[in-house]
Amino acid sequence: FTFDNIHELAIADAFAFQQTVNSFSDNLIAAFENIVTDSSYTEQAVVSYVAAMAQKGSYPEAIESVPASFKRSTTRTYLSAPYFNTLESMNTDLEDTIRKNIEHIRINKDADSLDLFTIDHVSMNLWLYPDVETVRNILKKAAEKDMSVATIAQVTGILEVYTDLTNYKSGYAKYLQPILDACVQKIMTSCEFEGETLTISENGVYLSVSDAVETGVALLRYGNLIENNTLQMAGRALVNSYVSDSSSFDLRTLASIYPTVAYENKYYPHFEKVFTDNGTTVWAWTCANNITLKSDTAASCVIGIEFPADWIHYVIMKGIPRFEKIFIYDIQFRTDPRFETYNSSGYVYKTAAQTLLLKSRHKTDVEDIRLVFYDNDNVTDLNDVSSTAVDNSLVGENIENSTTENATAGTTTENVNSTKKVTNQSNNL
């Protein structure tokens with residue numbers, strides 16, 4: 001058996017794959033809406049549901065339908081932060097998680113194992129790891145391993161890491177190139193046809209649905225990256241074989257698999273690379289479709305955030321240097337500790353961690369955030385203060401005492417230019 005054998009199969013077809021994703025999403029939404037009133041759902045279920053609804057254009061309805069008790073819950077994690085605010089506590093949770101993951105890399109950097117490649121978000125954490133040489137050694141050591149004795153989870157992880165690092169830092173990804181064909185070969189020799197279905201097993205035991213889907217999507221994404229039609233079809237065939245009919249899945253199963261099946265849905269919370277150059281890094285935890293650095297000068301920069309007009313979302317953006325002013329809708333925003341309660345954009349800036357916590361209520365599909373780093377006429381020093389727009393017309397009608405105090409903190413120009421370029425965020429975690 002080789003993947004070349006599946007070229008004519010319906011389960012390898014791109015249209016069939018999209019039907020599977022759509023059906024899976026519909027079943028997830030139905031399952032969540034059937035139980036939402038009795039509170040028997042997890043944070044993962046809420047996040048998957050909101051992402052699925054957003055892709056169908058029903059994001060505001062999804063946000064509204066999630067019970068207030070969940071939104072106020074102290075057990076929420078950074079996972080749901082892009083939808084439900086409380087950004088300061090969610091940022092702490094995100095930083096703690098990344099710190100633990102980076103520490104895990106440090107402890108296991110010399111381990112004679114490929115298990116590191118099976119950890120969630122390992123690509124992002126390798127990219128953020130402060131010691132470049134350590135990351136290179138981890139990847140070089142992996143490339144010396146015999147993939148024929150690696151596990152399916154390990155070779156799947158390697159394909160995922162290579163695909164991700166090609167975006168984050170291609171200089172890292174290249175170290176895995178010598179073993180990519182062997183990873184594909186390991187997966188291929190673990191597959192077989194059973195009727196019209198492609199199955200995958202390891203040591204005589206079939207992989208779970210979630211593991212099989214992850215391997216299928218890893219093949220598909222890698223095939224997309226290198227423009228290999230055979231691998232694309234193999235990935236689609238695996239996914240379609242396992243989840244083309246998901247009507248019998250319970251909510252927990254649907255919610256846990258959804259981020260993998262719907263990997264192209266950027267409304268699902270994800271890490272977004274914004275900018276990196278010469279050791280400087282800006283990235284975000286977001287549900288935005290895209291975040292880009294649109295312009296960058298010594299005095300200011302403009303960051304464009306793509307999200308549908310009239311929708312509200314929240315962004316944790318790392319690596320933002322101290323600034324003097326911030327403009328949203330071309331309006332300067334000023335301090336108000338209750339910024340998250342208004343029907344308007346707003347922010348908190350954490351100086352020590354170079355972190356911008358942003359509430360973004362879009363007037364247009366692409367909202368520009370302009371940061372002014374240097375202004376001789378009017379310098380401000382924003383030290384961990386909350387802010388909301390001077391534009392009071394955007395304040396929600398139902399908020400009590402909605403008049404904002406547009407006070408700006410007093411300031412100094414000391415070292416403003418020297419902090420213009422972003423330092424590697426991993427040094428702050």
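Predicted model: local features only at pLDDT ≥ 70, side-chain atom pairs only at ≥ 80, totals over all residues.
Numbering starts from 1 along each chain as its sequence is written, and side-chain values use heavy atoms, with hydrogens and water left out.

Okay, the overview. The chain has 14 helices and 14 strands; those are DSSP runs numbered from the N terminus, H or I with at least four residues for helices, E with at least two for strands. Of the 429 residues, 52% are buried, meaning under 20% relative accessible area with a 1.4 Å probe, protein chains only.

Now the helix pairs. Two packed helices are described by the angle between their axes and the distance between the axes. Take H1 (residues 14-35) and H2 (residues 43-55): their axes come within 9 Å and cross at roughly 125°. The axes here are lines fitted to C-alpha atoms over the stretch in contact, and angles run from 0 to 180 degrees between N-to-C directions. That makes H1 and H2 oblique to each other; under 35 degrees would be roughly parallel, over 145 roughly antiparallel, 65 to 115 roughly perpendicular, and the rest is oblique. Their crossing is left-handed, that is, the near helix is turned anticlockwise from the far one by less than a right angle.

Who touches whom? On the H1 side we have Ser-25, Leu-28, Ile-29, Phe-32 and Glu-33, and they meet Ala-45, Val-46, Ser-48, Tyr-49, Ala-52 and Met-53 in H2. By class, that contact has eight nonpolar, two polar and one charged residues. For the classes, Ala, Val, Leu, Ile, Met, Phe, Trp, Tyr, Cys and Pro count as nonpolar, Asp, Glu, Lys and Arg as charged, and the others, Gly among them, as polar.

Next pair: H11 (residues 180-189) and H12 (residues 209-226), with axes that come within 12 Å and cross at roughly 140°. H11 and H12 are oblique as well, and their crossing is left-handed. Leu-180, Val-184 and Ile-187 of H11 make the contact with Thr-215, Leu-219 and Tyr-222 of H12. That gives five nonpolar, one polar and no charged residues.

Last stop, Thr-355, in strand S12 (residues 355-361). Is Thr-355 buried or exposed? Buried, with a relative accessible area of 0%. Its side chain makes a polar contact with the side chain of Lys-318, at 3.1 Å. A polar contact is a pair of N or O atoms within 3.5 Å; within protein, one must be able to donate a hydrogen and the other to accept it, and residues adjacent in sequence count only if both atoms are side-chain atoms.

How values were computed:
Buried < 20%, exposed > 50% of the residue type's maximum accessible area, 1.4 Å probe, protein only. Contact = heavy atoms within 4.5 Å.
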